[in-house]
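Have a look at it first.

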Amino acid sequence: MNIIATNLSRLRLFLARTSLVGIPATRALAWELPRLLAWRAYNRLASLVYALMDRQRVTDRRTARALQRFTGPEGIYFYVIAVPRALHFLIPAASLIQRHARIVFVLNGVSRTEEQALRDRFPAVPTLRLWTLPGTCWPHGHLLSVLLRSSGRDFGIIDHDFFLFDDTVFEQLRFAEDEFAVCADAWRNAPTGSEVPTTHFMYLHTRRLQEVMRRHGVGAQLYKTIPGHLSDMLANAGFSMRNPPKEYQSFFDSFLMLSVLAVQDGYRFHKLDTAPEGWVHVGGTSMGRHISKDAVHHYVSSRFLEWLEGSPVYEEYRRKGLATPDMSKRLRDTLDTQIAHRVDLLVDRVGKRMAALSTPP
């Protein structure tokens with residue numbers, strides 16, 4: 001009975017969320033739900049394929065050659081990963097850092113329409129398109145492993161929905177002698193008191209992390225089990241599958257196994273010294289299918305899509321069920337007033353910042 005009750009509760013939640021974007025219950029049950037279930041099964045299979053490709057290092061050589069082509073003057077480099085149905089966040093996020101860093105777009109399963117939109121908006125920014133199974137993209141941790149093994153330079157990673165407002169951050173992207181990363185923030189594991197870097201904005205010391213990866217035979221991917229040869233080392237540090245770095249999870253999230261091992265090897269990281277309003281991370285905008293997201297995510301999507309109205313990628317997103325600007329008022333009425341206000345404030349800040357940066361320095 002508990003299983004039946006749980007599934008009925010999930011079904012009611014699914015119907016409530018699809019109704020937010022105007023999908024009637026009959027269509028949701030007859031079309032959207034089967035598609036969602038099929039996508040989840042297909043995505044699990046695709047994840048196994050990518051894990052095998054990562055383990056066998058299938059794409060490393062090609063990725064390394066491509067990254068070597070993007071040579072230029074010394075400076076700060078960011079590999080900005082573009083995933084499907086997220087360009088309305090990525091374009092402003094990349095615009096906020098473009099003046100201060102050299103960017104390479106890593107195209108991870110995006111459509112040709114999305115690729116062209118990036119080329120139109122950032123004609124001088126090089127792109128690296130990865131091979132992907134149709135309709136899928138590389139899991140973030142496996143892709144980060146590929147980039148770490150393949151890159152000959154230190155580089156930064158920024159989530160497509162991370163918005164940076166404090167330019168002094170770029171002056172802090174320097175490593176002390178024993179550091180492996182600079183990050184925007186850190187998660188504190190309560191049982192051990194240890195901290196691990198959050199991954200939405202990181203600058204990585206590639207050589208040191210490559211050494212840790214080789215020494216321990218690990219990557220930056222998510223780990224659902226601890227490799228046997230590392231059990232004692234992690235246990236001595238207070239970590240186990242019962243107490244992963246983010247103790248509310250049941251796994252070691254992307255980059256966290258590598259981070260813990262780097263710390264155990266004597267390396268450390270430092271957090272950015274910036275005011276709380278210096279950056280905003282939305283989070284969760286590329287997880288799962290948009291059709292099953294909650295009202296907050298739909299509202300954020302509808303507001304950010306305003307900047308792409310009239311473009312081919314806007315029409316593609318509208319066809320794929322993303323919440324669009326015409327839904328904004330109805331969605332806003334379903335939200336807590338303070339949450340809606342924070343979303344509106346973020347959109348306003350990003351818009352003003354982009355307008356200021358479009359002026360020649």
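At what angle do the axes of helix α1 (residues 2-20) and helix α2 (residues 25-56) cross? Roughly 110 degrees, and the two axes come within 10 Å. That makes α1 roughly perpendicular to α2 (65 to 115 degrees; under 35 is roughly parallel, over 145 roughly antiparallel, the rest oblique). Axes here are lines fitted to C-alpha atoms, for helices over the stretch in contact, with angles running from 0 to 180 degrees between N-to-C directions.

On the α1 side, the contact (heavy atoms within 4.5 Å) is made by Leu11, Phe14, Leu15 and Thr18, and α2 brings Ala25, Ala28, Leu29, Glu32, Leu33 and Leu36. Sorted by class, that's eight nonpolar residues, one polar and one charged (Ala, Val, Leu, Ile, Met, Phe, Trp, Tyr, Cys and Pro count as nonpolar, Asp, Glu, Lys and Arg as charged, and the others, Gly among them, as polar).

## A note on the model

This is a predicted model, so local features need pLDDT of at least 70 and side-chain atom pairs pLDDT 80 or more, while totals for chains, interfaces and linings use all residues. Numbering runs from 1 along each chain as its sequence is written, and side-chain values use heavy atoms, leaving out hydrogens and water. Helices (H or I, at least four residues) and strands (E, at least two) are DSSP runs, numbered from the N terminus.

## Helix α13

At its start, a side-chain oxygen of Asp336 reaches to within 2.9 Å of the backbone nitrogen of Gln338.

Its buried residues (under 20% relative accessible area; exposed is over 50%, partly exposed in between, with a 1.4 Å probe and protein chains only) include Ala340, Val343, Asp344, Val347 and Arg353. Among the elements covering the buried residues of α13 are α4 (87-97), β5 (162-164) and α10 (295-304).

Glu316 sits in helix α11 (residues 312-319) and counts as buried because its relative accessibility is 7%. Leaving aside residues up to four places away in sequence, Glu316 touches Ser111, Thr113 and Glu114. Arg85 is 231 residues from Glu316 in sequence, yet 8.7 Å away in space, C-alpha to C-alpha.

Thr132 belongs to the loop between β3 (127-129) and α6 (140-150). With a relative accessible area of 17%, Thr132 is buried too.

Definitions and conventions
Polar contact = N/O pair within 3.5 Å; in protein donor to acceptor, adjacent residues only side chain to side chain.
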